[in-house]
Amino acid sequence: MARGDADQEALAKPTVLDLFCGAGGLAEGFAQAGYKVLGGIDNSIHAIRTFEANFSDAQGVLADLRSPDLDDLERQFKGVDVVVGGPSCQGFSTSGGLSKGSGRDEADPRNRLFINYIEIVERLQPSWIVFENVPGLLLYESGKVALDIVEAFAEIGYKLVPMILLAADYGVPQLRRRLVFVGNRTKQDISFPAATHGDPDLWKGYALPFAHLSRIGHGRSDAALPHVTFDEACADLPIVAEGGEIDRAPYQIPPLSDYQQRMRIGSELVCQHASADLSALDRVAAQTLEPGQNWRNMSMDVLPPRFAKIRSYDATTILKRLRGDQPAYTITTKFNEATTGAFLHPTQARTLTLREAARLQSFPDRFVFSGSAAQIRQQIGNAVPPLLARAVAEAIYPDVMFGKTGVVAGPVRDVVVVDNAVGKADILKLHGARKRGKPLAALETVAD
Ligand SMILES: C[S@@+](CC[C@H](N)C(=O)[O-])C[C@H]1O[C@@H](n2cnc3c(N)ncnc32)[C@H](O)[C@@H]1O
């Protein structure tokens with residue numbers, strides 16, 4: 001492509017700013033979908049180093065978004081097409097509401113982060129917003145926090161639609177559910193990505209938590225492809241012992257699946273394939289459990305007394321060994337500790353390596369992380385899986401481009417159009433899981 005053409009293309013690309021960017025999982029998905037990432041803001045130096053190393057054309061900004069310099073942000077990012085990212089909402093207090101007209105309590109530091117988020121959006125005036133969080137946000141104050149978010153954005157001219165998406169439905173080898181608000185100030189309806197992968201048996205016998213906003217995918221669509229499994233994601237990576245590390249080593253075998261081939265694009269070497277030392281209990285589990293087994297398959301003699309109090313159908317992912325023929329469960333920031341989730345490798349006596357967790361989150365192998373192992377786990381576990389972010393980014397791409405250039409582009413992928421009438425009743429009627437029969441092991445880990 002001639003230089004002039006490349007400039008032209010870059011000019012036409014929709015632009016993105018990633019607030020609370022972390023490593024940049026969301027940004028990576030948008031970049032893969034053809035957007036130009038202008039910048040990412042985070043208060044963690046390690047996250048910003050990772051972001052800068054992987055988005056060399058973008059501006060990494062180390063800043064505390066509790067006290068952002070709005071003038072500076074406006075100077076740098078005014079005119080950006082899409083603002084993505086969401087603060088952790090755990091601390092939100094909605095006493096008085098979050099929107100301006102509600103008498104919100106600005107002195108409450110728990111509200112500050114979100115109020116500043118709204119102020120940044122108000123200043124930058126992006127056409128579109130993508131705001132990601134855990135589905136559990138819908139339970140805070142019986143749905144009032146989520147409703148306040150929608151109302152606060154409405155007050156500054158943005159219509160936001162919440163939807164819960166299952167990452168596995170978009171080719172991510174992980175049963176991770178995330179609440180994604182997509183919105184705009186252009187009054188266009190909102191397109192969410194139709195599922196490309198599925199498993200009709202996954203939720204059989206269950207009413208899913210927050211079923212009302214889980215109507216896309218989740219085994220209901222006739223998605224063409226099965227969910228990607230652990231083995232399809234990771235079985236080509238070299239064997240590593242507990243506490244061992246392989247870094248900057250050539251791949252030992254060719255890719256064994258389409259997913260592995262895709263993950264290797266742009267990468268010649270296996271990097272950060274590092275596993276953690278285990279506690280004594282984790283080590284027993286890692287050395288004795290079969291794939292798919294968990295703490296209930298261990299003798300009470302080796303388990304601490306607290307396990308005696310767990311009901312037999314609860315905590316089914318604690319000390320669980322993953323199965324190679326299924327997707328992984330939610331990757332958290334503690335995937336080194338088997339007592340906190342389903343993090344035991346299907347066949348090797350250890351928990352997941354950093355690279356395996358990155359693959360299970362769909363970060364390509366060329367994506368290298370900065371910081372200590374604990375800081376990297378934080379970045380990987382907190383990330384929006386790039387392939388999920390990519391699906392969301394592709395779904396709105398034609399509408400974003402239309403707003404930017406006036407050109408009607410064809411759809412990039414199949415979408416589910418949700419008119420933007422999701423309202424108060426829809427959000428407040430959400431409730432937790434209702435069991436309809438014998439619990440499935442998979443359910444609890446996808447609830448949050
Ligand atoms: C859930 S993670 C974001 C993950 C990111 N969207 C991704 O896909 O990789 C939330 C991020 O918010 C950052 N953060 C928390 N409090 C902050 C603050 N006051 N100012 C700026 N960033 C903050 C954390 O360092 C963390 O990286």
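This is a predicted model: local features need pLDDT of at least 70, side-chain atom pairs count only at pLDDT 80 or more; totals for chains, interfaces and linings use all residues.

Residues are numbered from 1 along each chain as its sequence is written.

**Exercise 1.** Find which residues touch the most other members of the largest nonpolar core.

Step 1. A nonpolar core is a set of buried Ala, Val, Leu, Ile, Met, Phe, Trp, Tyr and Cys residues joined through C-beta atoms within 7 Å. Buried means that 20 or more other C-beta atoms lie within 10 Å of a residue's own, with C-beta atoms placed from the backbone.

Step 2. The largest core has 119 residues, and V16, F30, L388 and V392 touch the most other members.

Step 3. Helix 12 (residues 386-405) gives the most to this core, eleven residues; helices are DSSP runs of H or I with at least four residues, strands are runs of E with at least two, and both are numbered from the N terminus.

**Exercise 2.** Work out which residues of strand 9 are buried on each side.

Step 1. On one side of strand 9 (residues 190-193) lie I190 and F192, on the other S191 and P193, and all are buried.

Step 2. Strand 9 pairs with strand 18 (residues 415-418) in the antiparallel sense over four bridges; pairing takes at least two DSSP bridges.

Step 3. Within strand 18, V417 is the bridge partner of S191.

**Exercise 3.** Identify the buried residues of helix 11.

Step 1. Helix 11 (residues 373-382) has I376, R377, Q378, Q379 and I380 buried.

Technical notes:
A residue is buried if 20 or more other C-beta atoms lie within 10 Å of its own, exposed if 12 or fewer, and partly exposed in between; C-beta atoms are placed from the backbone.
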